[in-house]
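Here's a walk through one model, with the cut-offs spelled out as they come up. Keep the viewer open while you read.

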Amino acid sequence: MPGGGSGVRSNAAVLLLIASTVVMLSCNYGGEPIDVVDPATIPQTVAYHDTVRAIMNYYCTACHSPGSQVGTIKDYDYSTYNGVVAGYSGIEETVYAEQSMPPGAARRLTAREQALLQRWAKNGFPQ
Ligand code: HEC
């Protein structure tokens, strides 16, 4: 029957369109865009023990702590309070400015996590 073949082809084209739309939408999934954060949602007080330690443990200590398999890379130890305070300029340089840490394809800090660290520093690094 004439036209039967092109009907199958256009069904396939529609499916492909739907599939690629789903892929495109799912890329934007997962919360706030990485570069947008409302400062009003950042708490006035941010403490090391309840916020900063968890962020550093998630993103940094796998490579920057004496207990890690690779040791303490470049003397940055982000596994202790003193280490994070001493290495804060390194966070400013590699996380906020160059966006080079964590390296490679690893997940980067969200805008909110960066804003939390910045408020913590601005408040004088409360424990
Ligand atoms: C997968 C391992 C890994 C993780 C996770 C990681 N780093 Fe690094 N980091 C490295 C390596 C390797 C170097 C040394 C090579 C380089 O400078 O690129 C380095 C270097 C650095 C330096 C020194 C840069 C310089 O110019 O000397 C700083 C500061 C730093 N990292 C901060 C961080 C912070 C903050 C985090 C967490 C947000 C982090 N890193 C997460 C592997 C890692």
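Met56 sits in helix H2; helices here are DSSP runs of H or I with at least four residues, strands are E runs of at least two, and both are numbered from the N terminus. Is Met56 buried or exposed? Met56 is buried, because 23 other C-beta atoms lie within 10 Å. The scale behind that calls a residue buried at 20 or more other C-beta atoms within 10 Å of its own, exposed at 12 or fewer, and partly exposed in between, with C-beta atoms placed from the backbone.

Leaving out residues up to four places away in sequence, Met56 touches Thr61, Tyr78 and Val84. A contact means that the two C-beta atoms, placed from the backbone, lie within 7 Å. Met56 and Val84 are 28 residues apart in sequence, yet their C-alpha atoms are 8.2 Å apart in space.

A word on ground rules: this is a predicted model, where local features need pLDDT of at least 70 and side-chain atom pairs count only at pLDDT 80 or more, while totals for chains, interfaces and linings use all residues. Residue numbers start from 1 along each chain as its sequence is written.

## Two sides of H2

Which residues of H2 are buried? They are Val52, Ile55, Met56 and Tyr59. These cover an arc of only 95 degrees around the axis, so they lie on the same side of H2; the arc is taken from the directions that run from the helix axis to the C-beta atoms.

The face of H2 turned away from the buried side carries the exposed residues His49 and Asp50. Over the buried residues, the cover includes helix H3 (81-86) and H5.

## The nonpolar core

The largest nonpolar core has 14 residues, and Val52, Ile55, Met56 and Leu117 touch the most other members. Such a core is a set of buried Ala, Val, Leu, Ile, Met, Phe, Trp, Tyr and Cys residues joined through C-beta atoms within 7 Å. Helix H2 (48-59) and helix H5 (111-122) each supply at least two residues of this core, and H2 gives the most, with 4 residues. In soluble globular proteins, nonpolar side chains tend to be buried together.

What does Val52 touch, once residues up to four places away in sequence are set aside? Its partners are Val46, Val84, Leu117 and Trp120.

## Around the ligand

There are 17 residues around the ligand, and Cys60, Cys63, Gly90, Met101 and Pro102 come nearest. A residue gets into this shell if its C-beta atom, placed from the backbone, lies within 6 Å of the molecule. Helix H4 (residues 88-97) gives the most to the shell, with 5 residues. By type, the shell divides into 12 nonpolar, 3 polar and 2 charged residues. Here Ala, Val, Leu, Ile, Met, Phe, Trp, Tyr, Cys and Pro count as nonpolar, Asp, Glu, Lys and Arg as charged, and the others, Gly among them, as polar.

Pro102 lies in the loop between H4 and H5, and the peptide bond from Met101 to Pro102 is cis, with omega near -10 degrees. Pro103 lies in that H4 to H5 loop too, and counts as exposed because it has 9 C-beta neighbours inside 10 Å.

Most residues other than glycine have a negative phi, and most peptide bonds are trans. Gln99, in the loop between H4 and H5, has a positive phi near 55 degrees. Asp75, in the loop between H2 and H3, has a positive phi near 65 degrees. Asp75 is exposed, because 11 other C-beta atoms lie within 10 Å.

The chain has 5 helices and 0 strands. Buried residues make up 17% of its 127 residues.

The average pLDDT (the predictor's confidence in each residue, from 0 to 100) is 84, and 73% of the residues score at least 70. Over residues 21-32 pLDDT stays under 50, and the model has 4 contacts beyond four places in sequence for them. Where pLDDT is low, the predicted coordinates should not be read in detail.
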